Amino acid sequence: MPIVDLYGHESLRARLRASINRGTLPASLLIHGPRGVGKQRLALWLGQLLLCESPGPHGPCAACRSCRYSRELGHPDLHWYFPRPRPKDADPSLDEVKDDFIDAIHERLDSNGIYPPPSGLEGIFIRTVHLVVQQAGMTPTIGSRKVFVIGDAERMIAQEGSEQAANAFLKLLEEPLPDTTVVLTTSEPAALLPTIRSRVIGLRANPLPESDVRAFLEDPLATKALQAYQLPKSVEERVRLANGAPGALLSSGTIAEAHALANEMLSASHTGDAERFRLGLAFGSSKARGFFSDVLDALTALLHDRARDRATEGDDDGARRAAMAVRAVEKAKFRASGNVNPQLIGSALLREFAELRP
Ligand SMILES: [Zn+2]
């Protein structure tokens, strides 16, 4: 069973086709844009196009062996990586990482290529980066080139003691082998490691027009996969909720909740202790750690926006305080990735916000 087709992004597809035809497609790309608009699907489409045996004027032929493999996520030269839960073994072997991705890809195939955004606890750990570097160094299996799609690339985690693999990855982006294309995607380009951002050519994927969202939602493969989610029955209501990003439908509940709480935390920095204490309790043990990480992600996004707005308004002090609050959130994320109680981290963060008033 293939994954659901790519909908929309017509102008971006035309640009990509044109640069392939001219032979000017950059070897390392970054597709950025709002969460849920289909960036990874677009990257997979590009991979299918690059590997297609007889590409047509509008894209891959969709009929050759290579296209069939690509659409069934089984092409040995189309590699897809994305955030995964932290491995149980602190230093897994490359085979273990590979097996984990085989399982993960099967899951994505079972749901026709429709999947929720990663939880805040999932990341692209250094062993995965190591595996990418190793596979990039090998000759293609059936085609004449290899394509790597790395989704949610801002979740790539720099780890101490693994500079070698990290540097090898940077080198891969900077001086890729002539038969290798690397496509990163992110909905948070500001959170991408600067060493990576400076080495890739950025392309923006915009929200889809309503007609494309509707066509996607009416695709039988999508309809089937979406049955697993609690969504409004009417297509019109779904189109409205998606707001140009059908993938956002898969997370609207928890992400909206996380954003609401993040907003409350920021306003709490302007109120009294009791309010802060009450919010601190919201991260009690009954809440999943994943939700806490989503709240921290929402705080980063809100504070980045705030810092930018203040800077635009000429409020340098306000921009500086918002930027310091971003750093406090980053520190909290680091503590949350260890074994510290979310409630303790949340309360400490609220105290910092009270001082910074971001
Ligand atoms: Zn083809």
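In the predicted model, the contact between the two domains involves five residues of domain 1 and eight residues of domain 2. On the side of domain 1 that touches domain 2, three of the residues are nonpolar and two are polar, while no charged residue is present. Domain 1 covers residues 10-226 and domain 2 covers residues 252-356, and the centres of domain 1 and domain 2, taken over C-alpha atoms, are separated by 30 Å.

Asparagine 243 is found in the loop that runs between helix 10 (235-242) and helix 11 (252-268). With 16 other C-beta atoms within 10 Å, asparagine 243 is classed as partly exposed, because a residue counts as buried at 20 or more such neighbours and as exposed at 12 or fewer. Between asparagine 243 and leucine 30 there are 213 residues of separation in sequence, and the corresponding C-alpha to C-alpha distance is 23 Å.

At the level of the whole protein, 15 helices and five strands are assigned, and the C-alpha trace spans about 65 × 50 × 45 Å along its principal axes. The radius of gyration of the protein is 21 Å, which agrees with the value near 21 Å that a compact globule of 358 residues would have. Buried residues make up 38% of the 358 residues. Among contacts in the protein with a separation of 6 or more, 78% are accounted for by residues 24 or more positions apart.

Strand 3 (146-150) has five of its five residues buried, so this strand is largely enclosed by the rest of the structure. In a regular strand, side chains alternate between the two faces of the sheet. In strand 3, Lys146, Phe148 and Ile150 point one way, Val147 and Val149 point the other way, and all are buried. Strand 3 runs parallel to strand 2, to which it is joined by four bridges, and tyrosine 81 stands opposite isoleucine 150 of strand 3. Strand 3 also runs parallel to strand 4 (residues 180-186), with five bridges between them; here valine 147 has threonine 181 of strand 4 as its bridge partner.

Helix 5 (residues 126-136) contributes the buried residues Ile126, Arg127, Thr128, Val129, Leu131 and Val132.

The largest nonpolar core comprises 53 residues, of which Ile31, Leu46, Val149, Ile150, Val183 and Leu184 touch the most other members. Helix 2 (residues 39-51) supplies the largest share of this core, with eight residues. Val149 and Ile150, both named among these core residues, are residues of strand 3 that point in opposite ways from that strand. When residues up to four places away in sequence are not counted, isoleucine 31 touches Lys39, Leu42, Ala43, Val183, Thr185, Leu203 and Ala205.

Definitions and conventions:
Residues numbered from 1 in each chain as written. Predicted model: local features only at pLDDT ≥ 70, side-chain atom pairs only at ≥ 80, totals over all residues. Helix = DSSP H or I, 4+ residues; strand = E, 2+ residues; numbered from the N terminus. Rg over C-alpha atoms; globule rule 2.2 N^0.38 Å. Contact = placed C-beta atoms within 7 Å. Domains from an automatic or database assignment. Nonpolar A, V, L, I, M, F, W, Y, C, P; charged D, E, K, R; others polar. Pairing = 2+ DSSP bridges. Core = buried A, V, L, I, M, F, W, Y, C linked by C-beta atoms within 7 Å.
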